[in-house]
Amino acid sequence: MNELLQRGSEHFASHFGGTPDGLWSAPGRVNLIGEHTDYNDGFAFPIAIDKRTTVAARARADRLLRVASSSFPGVVEVCLDDLSPDALTGWAAYPLGVAWAMSQAAGRAGGSAAAGSPMAGVDLALTSDVPAGAGLSSSAAVECAVALALDDLWGLGLDRQELARLGQLAENKVVGAPTGIMDQSASLLGEPDHGILLDCQSLQTQSVPLGFAHARAGLLVIDTRTSHSHADGGYASRRRSCEDGARSMGVGSLRALGPDDLPRAAALLDDQTFRRVRHIVTENQRVLDTVAALRTSGPAVIGTFLNESHVSMRDDFEISTPELDLAVSSAQEAGAVGARMTGGGFGGAAIALVRDDDAGRVAEEIAVSFARAGYTAPHIFPVTASEGARRER
Ligand code: ADP
Ligand code: MG
């Protein structure tokens with residue numbers, strides 16, 4: 001991590017000169033279980049990972065916001081008074097979208113902006129080792145690091161749940177991605193060797209011990225390095241099916257349904273809508289079962305829930321791909337405790353829960369299966385549940 005901080009300071013100096021007022025960082029995440037449940041008011045169980053985005057930041061004497069990223073060329077600048085969702089495009093929509101959302105919140109709270117003592121402009125330099133677009137939420141890592149930095153520099157004193165909501169607001173309103181609050185919650189609330197049980201209806205969170213270290217087990221991410229052009233359309237159509245299913249069943253969201261409601265759903269809904277509904281209902285139950293099993297017995301017994309989650313996404317929700325299916329089946333055959341695709345689907349990554357002693361062999365056998373199938377070599381690496389966003393110095 002020290003290397004990332006060092007790079008952050010140097011990157012700041014190369015764009016803006018001198019030293020930053022501080023460095024803040026926030027992690028990416030993987031979702032252990034609970035997929036497509038967030039927009040159905042359901043449960044998800046993500047973990048913050050040991051890959052982070054750092055922002056080096058310094059307040060300015062004027063009202064200019066300037067942002068640089070080591071992942072993209074150039075510096076993007078905008079005056080605080082000109083911030084609006086429509087004015088921001090490209091990668092800078094993530095960090096500056098957060099600045100917009102936070103300036104709105106400060107105004108509503110009667111903070112410094114509304115009181116007529118304007119918030120200062122800020123120079124922001126981003127560096128990251130979260131791979132972008134791999135399903136590890138590099139976007140939330142950027143948003144949460146920037147949110148924490150601006151909260152400190154602007155003296156807003158917002159709590160982490162509020163910062164998560166503002167990160168989501170930036171992504172929804174400025175970037176234009178209709179995502180839930182899972183990614184930001186994980187990035188802000190993560191703890192070492194813990195997952196975050198997130199109730200997307202009440203927005204309450206609980207930090208749950210994973211016990212991976214004690215069980216000498218851990219997670220492998222298998223990034224298939226594939227993404228499919230119909231991912232956005234597929235996401236939108238799954239959301240629509242869930243809304244249709246809820247309406248036909250006479251409930252506000254699928255969260256209101258439990259396993260006992262499935263026979264009635266089967267009788268009422270067309271086959272496809274029923275299968276979409278069944279995924280959400282059973283996935284919510286699997287999240288709760290996973291958390292209960294971790295609390296009573298530890299990680300050795302959660303493999304079955306991960307495996308069943310994958311089958312449900314493959315057959316009922318139909319968001320898996322041949323590459324993701326192969327990653328999961330070859331991990332299982334090589335002795336993983338459990339495996340599933342993770343993230344929105346239609347490409348991206350799978351995860352495998354593996355005993356430490358088996359990790360090398362499982363990774364090797366997945367790579368061999370991909371080569372044999374003629375697929376692009378996957379990027380396979382371990383991740384550890386880590387601390388959420390923090391001020392580094
Ligand atoms: P994911 O969050 O799964 O990695 P997204 O498509 O949600 O994928 O977000 C990726 C986008 O977030 C990138 O295309 C870029 O616009 C922005 N982003 C991520 N990391 C950085 C970074 N270090 N600097 C600038 N922008 C970033
Ligand atoms: Mg994202």
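View 1. The structure, a predicted model, holds 23 salt bridges (a side-chain nitrogen of Lys or Arg within 4 Å of a carboxyl oxygen of Asp or Glu). In one of them, the side chains of arginine 29 and aspartate 183 meet at 2.7 Å, N to O. Arginine 29 belongs to strand E1 (residues 22-33) and aspartate 183 to helix H5 (residues 182-189), so the pair ties together parts 154 residues apart in sequence. Helices (H or I, at least four residues) and strands (E, at least two) are DSSP runs, numbered from the N terminus.

**View 2. Polar contacts of ligand 1.** Polar contacts are pairs of N or O atoms within 3.5 Å. A polar side-chain atom of serine 69 lies 2.6 Å from a nitrogen atom of ligand 1. For serine 71, a side-chain N or O atom is 3.5 Å from a nitrogen atom of the ligand. A polar backbone atom of glycine 133 is 2.8 Å from an oxygen atom of ligand 1.

**View 3. The shell around ligand 1.** The shell residues (a heavy atom within 4 Å of the ligand) divide into seven nonpolar, eight polar and no charged; Ala, Val, Leu, Ile, Met, Phe, Trp, Tyr, Cys and Pro count as nonpolar, Asp, Glu, Lys and Arg as charged, and the others, Gly among them, as polar. Helix H3 gives the most to this shell, with three residues.

**Notes.** Residues are numbered from 1 along each chain as its sequence is written, and chains are lettered from A and ligands numbered from 1 in the order written. Local features need pLDDT of at least 70, side-chain atom pairs count only at pLDDT 80 or more, and totals for chains, interfaces and linings use all residues, while side-chain values use heavy atoms, without hydrogens and water.

Note on methods: Polar contact = N/O pair within 3.5 Å; in protein donor to acceptor, adjacent residues only side chain to side chain.
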